[in-house]
Amino acid sequence: MNRESRTLDNIMKAIDAKPVQIPLGVRIKQWFLKLLSNRIFSIAVKSIPILVLLILLFHTFASVSKIGNRELNIKEHHVEDGYLYITVANASIDEEQSYMEATNGDTVYHPTLKGIRDNTAVFKFDGNSYNVYLYSTDGRTLQLLVDGK
């Protein structure tokens, strides 16, 4: 630093000029802004990883508790015109995986969905005993024994 200062002094003497003095108030402002900006940057760099970790933990906790509180329940069921209607609450029925199987294992029916928002599976029903397996799109399963008698 001293070397640079001497070099600058020699240059100023050679061109016969006086250095411009920065007022004390301006130097104090510059020092304060530099100090403040460095602290803010340092705090931001240290706090961002902590905030990201907290957000991930909160999201994980919220996801687990949300799934844990939702049970797969039958909202309504009835037989009408040779069809069995089963409405499920708190889930979307997976039409491809769900099925109804005769208790002897001979006959298997796959449902058609009445409506995506209704969550109602419709099976052809002849009044015999069947095992019904309803799968939700998030992987939960509901098993029923339907007896037509």
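1. Overall dimensions. The protein chain has a radius of gyration of 37 Å, whereas a compact globule of 149 residues would have one near 15 Å. The radius is taken over C-alpha atoms, and the globule rule is 2.2 Å times the number of residues to the power 0.38. Along the principal axes, the C-alpha atoms fill a box of roughly 115 × 25 × 25 Å.

2. Basis of the values. This is a predicted model, in which local features need pLDDT of at least 70 and side-chain atom pairs count only at pLDDT 80 or more, while totals for chains, interfaces and linings use all residues. Residues are numbered from 1 along each chain as its sequence is written, and side-chain values use heavy atoms, with hydrogens and water left out.

3. Secondary structure. The protein chain has two helices and eight strands, and their order from the N terminus is α-α-β-β-β-β-β-β-β-β. Helices (H or I, at least four residues) and strands (E, at least two) are DSSP runs, numbered from the N terminus.

4. Helix H2. This helix covers residues 24–69 and contains Ser-37. Ser-37 is partly exposed, at 39% relative accessible area; buried means under 20%, exposed over 50%, and partly exposed in between (1.4 Å probe, protein chains only). From Ser-37 to Asn-10 the C-alpha distance is 34 Å, for a sequence separation of 27 residues.

5. Strand S7. Asn-131 sits in this strand, which spans residues 130–135, and is buried at 18% relative accessible area.

6. Contacts and surface. Of the contacts in the protein chain with a separation of 6 or more, 48% join residues 24 or more positions apart. Buried residues are 21% of the 149.

7. Charges. There are 17 positive and 16 negative side chains, and the centres of the two sets lie 29 Å apart. Lys and Arg count as positive and Asp and Glu as negative, without His and the chain ends; each charge is placed at NZ of Lys, CZ of Arg, CG of Asp or CD of Glu.

8. Salt bridge. A search of the whole structure finds one salt bridge (a side-chain nitrogen of Lys or Arg within 4 Å of a carboxyl oxygen of Asp or Glu). Asp-138 and Arg-140 form it, with the closest N and O atoms 3.0 Å apart. Asp-138 is partly exposed at 42% relative accessible area, whereas Arg-140 counts as buried at 15%.

Technical notes:
Contact = heavy atoms within 4.5 Å.
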